[in-house]
Amino acid sequence: RIDCLLQDHAQQYPEKVALQFRDESMSYAALVERSDRLAEILKQSGVKRGQPVGIFVGRSFEMVIALLGIIKTGAHFVPLDPTHPKPRIQAIINESGVNVVITQSETSSLIASCNVTLIDIDHRELSKLESSESSSPLPSQAKQSGDPSNSLADTAYLIYTSGTTGHPKGVPITHASLANLLQSIAATVRFEHQHKLLAVTTLAFDIAILELLMPLSVGGTVVIADAETVRDGERIVRILKDLKVDAMQATPATWRMCHAAGLAATLTEAGSTGGVRAFTAICGGEALDV
């Protein structure tokens, strides 16, 4: 499971950068610590194994902390996009059975009228664990053989289709399926611990889970693009250059936007080595023209 892999990476190289967002970075040790802390808060709020928990946060470190914290309780996460129409958000909450939603200060008001318990992650202290709060081991700390919450057959997350061809449908994804996806894609594109991936997709779209978790599964780094950057080809290209990003996944529409902003020229490195540096472009979602 991804939380177990994350725990292993944090023990092996705790100070390695796991996440980058704007001018800030977060180490593997800090990511494990904060997601462990959130898992404790969720358990104290009554979250149980197998329960759906909504994530309603903006593009930030908290987006990753939330999904990992939920997984560590044995529950599964349901991504909710703050930019989506309120009727769609309400429909997903009703159909999925979500009664606890992780929010931020800027998103809490958008969902306040829904009949759910809100946990504002911005107002929680996640930097340290209080040993007196709970003596029960978290899934990431327990032995898989003795902890039923570590079953690979359990649901990792529930993702909803776009609904463009009808009513949105919830699709449960197991930990076994998630592990297979992360490992197979990492092997196929040869993504390793020294690499960085730029994440640009909304959490409510399935490929975002690959963007956020595949690099972490191998000990790499996730660079999270903010909401303004994902809509601006020039900003994306600038990040790819300045941070020496090794890979990005996007739809053809986004790749065309980056191409118009000078992507090819950006990948051509100046200096003594010359040539074009290695870069992996993952593409899907619609037809890709020449």
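**Aromatic pairs and a helix crossing in a predicted model**

Tyr 13 and Tyr 28 are both buried (under 20% relative accessible area, with a 1.4 Å probe and protein chains only). The structure is a predicted model, in which local features need pLDDT of at least 70 and side-chain atom pairs count only at pLDDT 80 or more, while totals for chains, interfaces and linings use all residues. Residues are numbered from 1 along each chain as its sequence is written, and side-chain values use heavy atoms, without hydrogens and water.

The structure contains four aromatic pairs (rings of Phe, Tyr or Trp, the last by its six-membered ring, with centres within 6.5 Å). One of them joins Tyr 13 and Tyr 28, with 6.0 Å from centre to centre and 75 degrees between the planes, an edge-to-face arrangement (planes over 60 degrees apart). In Phe 77 and Tyr 157, the ring centres are 5.1 Å apart and the planes lie at 15 degrees, so this pair is stacked (planes under 30 degrees apart). Distant parts of the chain are linked by this pair, as Phe 77 belongs to strand S4 (residues 76-79) and Tyr 157 to strand S7 (residues 155-160), 80 residues apart; strands are DSSP runs of E with at least two residues, and helices are runs of H or I with at least four, numbered from the N terminus. Phe 77 and Tyr 157 are both buried.

The axes of helix H2 (residues 28-44) and helix H3 (residues 61-72) come within 8 Å and cross at roughly 55 degrees. Such axes are lines fitted to C-alpha atoms over the stretch in contact, with angles from 0 to 180 degrees between N-to-C directions, and contact means heavy atoms within 4.5 Å.

Key:
Buried means under 20% relative accessible area, exposed over 50%, partly exposed in between (1.4 Å probe, protein chains only).
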